[in-house]
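Dear colleague,

I am passing on the structure we spoke about, together with some notes on what turned up in it. Please have the sequence and the coordinates open while you read.

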Amino acid sequence: YTRISQKQDLKNKQVLITAGGTIEPLDPVRYLTNRSSGKMGYALAENALLRGATVILISAPTQLKPPFGAKVIAVQTALEMAKAVETYYSKMDIVIMAAAVSDYRAAKPAAQKIKKRDTTLALQLVENPDILLGLGAKKKQQLLVGFAAETQQLVQNAAKKMVKKRVDLLVANDVSRSDIGFGSNQNEVTFLRPHQKPLLVKKTTKEEIAAQIFDVLLSQ
Ligand code: CTP
Ligand code: CA
């Protein structure tokens, strides 16, 4: 039984994980979101629990069952996620932004259902705060992990995010491949760390990737 044989190498550690795709309302019945299933974030929460961590999972809506033993905080929008992360950040040892956070939200969500009128419709969107950028800027003891979803120039684009957001580990995802990633149980990722060579993690389960993320963090 893995729960007993697993090394308790995250015992007494406070781990915060965000997961899922945030949703941004347009009107009372419609919203903007993305293809994130939440599986990677939930797999990270499960693995951290196995290793003995105290886990806070800040989750946008998913179809997944809450990991047993985690403190789960349900949020919908990027602003709600930002606020929830803010509440816990200063006390955390490890923070992993696995959520797919909407870059934009409606400038002014309509109070009533938007009526069909013309042949085209323009939506006015405004930028959401970059949660991970903010965390990187005020990082103290925390080990910070980010993800990057890219459809081109994976390593170059992801490396820029690693530097800009001051993360200790950036997990780069090629989201142009339909056999892995969004919605899938498997993924192939590249780990980027400051001053170290990129490390390819060959196509495997999200559970295995989660385990490798903590292995790498604990070996730094
Ligand atoms: N992220 C965040 N807040 C946002 C947008 C993204 O915290 N408003 C985090 C994600 O959780 C992820 C990382 O930043 O860990 C990278 O997200 P990604 O969408 O790949 O990059 P962006 O910086 O948003 O750039 P772009 O979408 O233009 O590629
Ligand atoms: Ca983005």
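The residues of the shell around ligand 1 divide, in this predicted model, into nine nonpolar, two polar and three charged. In total 14 residues surround ligand 1, and the closest are Met97, Val101, Ile131, Leu132 and Gly146. The elements that give two or more residues to this shell are helix H4, residues 131–137, and strand E9, residues 143–150; of the elements, E9 gives the most, with four residues.

The UniProt record, an unreviewed entry, carries a "binding site" annotation that covers Asp103, Lys113, Pro129, Asp130, Ile131, Leu132, Phe147, Lys161 and Lys165. Please read that annotation with some care, because the annotated residues span 63 residues in sequence and the farthest two of their C-alpha atoms are 37.5 Å apart, so they do not all gather at one spot. Ile131 and Leu132, which are included in the annotation, are also among the residues closest to ligand 1.

Two further annotated positions may be worth a look, namely Pro129 and Asp130. Pro129 is found in the loop between strand E8, residues 125–127, and H4, and Asp130 lies in the loop between E8 and H4 as well. Once its neighbours within four places in sequence are left aside, Pro129 is in contact with Ala82 and Gly134.

Ala82 leads on to helix H3, residues 78–88, whose buried residues are Ala78, Met81, Ala82 and Val85. These four cover an arc of only 100° around the axis, which means that they lie on the same side of H3. What covers them includes strand E1 (14–19), strand E2 (24–27), strand E4 (54–59), strand E7 (104–106) and H4.

As for the protein as a whole, it has six helices and 12 strands. Its radius of gyration is 18 Å, close to the 17 Å that the globule rule gives for 220 residues, so the protein is as compact as a globular protein of that length. The C-alpha trace spans about 60 × 35 × 35 Å along its principal axes, and 38% of the 220 residues count as buried. Of the contacts with a separation of 6 or more, 61% are between residues 24 or more positions apart.

With best regards

Key:
Residues numbered from 1 in each chain as written. Chains lettered and ligands numbered in written order. Predicted model: local features only at pLDDT ≥ 70, side-chain atom pairs only at ≥ 80, totals over all residues. Near = placed C-beta within 6 Å. Nonpolar A, V, L, I, M, F, W, Y, C, P; charged D, E, K, R; others polar. Buried ≥ 20, exposed ≤ 12 C-beta atoms within 10 Å, placed from the backbone. Arc of directions from axis to C-beta. Contact = placed C-beta atoms within 7 Å. UniProt positions renumbered as here; feature names shortened; annotations may be inferred. Rg over C-alpha atoms; globule rule 2.2 N^0.38 Å.
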